[in-house]
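Good morning, colleagues. I would like to take a few minutes to go through one structure with you.

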Amino acid sequence: MTMPELPLHIDSVKGFLSTAEGEALYRHGRDACRVGPLLEVGSYCGRSTIYLALACRDAGAYVFAVDHHRGSEEHQPGEMFHDSELLDPRSGEIDSFYEFRRNLERAHLQAQVIPVVAPSARFAACFTGALGLVFIDGGHSLEAALADYRAWSTHILPGGLLAIHDVFPDPAAGGQAPITICRLALASGLFEMIDEVDSLRVLRRQ
Ligand code: MG
């Protein structure tokens, strides 16, 4: 399935998702939005959101974009992925929401997206719905990744998808929290691996 042309240059959107990973999210999002709404944890500046929203567009479906927009550990001042352009001069804190919304507007995809500006766990505590796809790309500590997996994977409908970013089989290539939840999902017997693109893994709920 070819992806429609994006109305903006994706490299003008800050983020860590490769083009191949984004296109895979689009492809699987197209299938999954027939099962139920999509939800991503860790929207940052909207790079993955744009691919998922594009997947929703023709079907009139929606993606929940969950992020507190205060940056993960690695985005804080002094850390490896800190970007001083995202500092809010008023509060001195990271604020990626302005940039997130600006990018969705530039992509003309804001109508497909329901932003949830809250910690993932807080939204999970009051969310009772069923989902067609969950994309986990939030906090990369083991605690955060486990919490996201436990909170959100249970909402995936049969035939729906669990996508996980930053899965690195080689510990030298990256942190091991995402691959840990990927292995947990496979070990549960409820999910099977259906796609691997760069560090993205896509599993289907039986
Ligand atoms: Mg990531």
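Predicted model: local features only at pLDDT ≥ 70, side-chain atom pairs only at ≥ 80, totals over all residues.

Let me begin with Asp83 and Lys14, whose side chains form a salt bridge with an N to O distance of 2.8 Å. Asp83 sits in the loop between β2 (63-66) and α3 (97-106), while Lys14 belongs to the segment before α1 (19-32), so this pair ties together parts 69 residues apart in sequence. Asp83 is buried, because its relative accessible area of 19% falls under 20%.

A second salt bridge pairs Asp31 with Arg34, and their closest N and O atoms are 3.5 Å apart. Here Asp31 is partly exposed at 39% relative accessible area, whereas Arg34 is exposed at 61%.

Next, Arg90 and Asp88 form a salt bridge, with 3.4 Å between the closest N and O atoms. Arg90 counts as exposed, at 69% relative accessibility, but Asp88 counts as buried, at 14%. As for shared partners, salt bridges join Lys14, Asp83 and Glu85 into one network.

I turn now to Ile156, which is found in strand β5, covering residues 156-164. Is Ile156 buried or exposed? Ile156 is buried, with a relative accessible area of 3%. Leaving aside residues up to four places away in sequence, Ile156 touches Leu131, Val134, Leu161, Leu162, Phe191 and Arg205. Finally, Gly36 is 120 residues from Ile156 in sequence, yet their C-alpha atoms are 8.5 Å apart in space.

Definitions and conventions: Residues numbered from 1 in each chain as written. Heavy atoms only, no water. Helix = DSSP H or I, 4+ residues; strand = E, 2+ residues; numbered from the N terminus. Buried < 20%, exposed > 50% of the residue type's maximum accessible area, 1.4 Å probe, protein only. Contact = heavy atoms within 4.5 Å. Salt bridge = Lys/Arg side-chain N within 4 Å of Asp/Glu carboxyl O.
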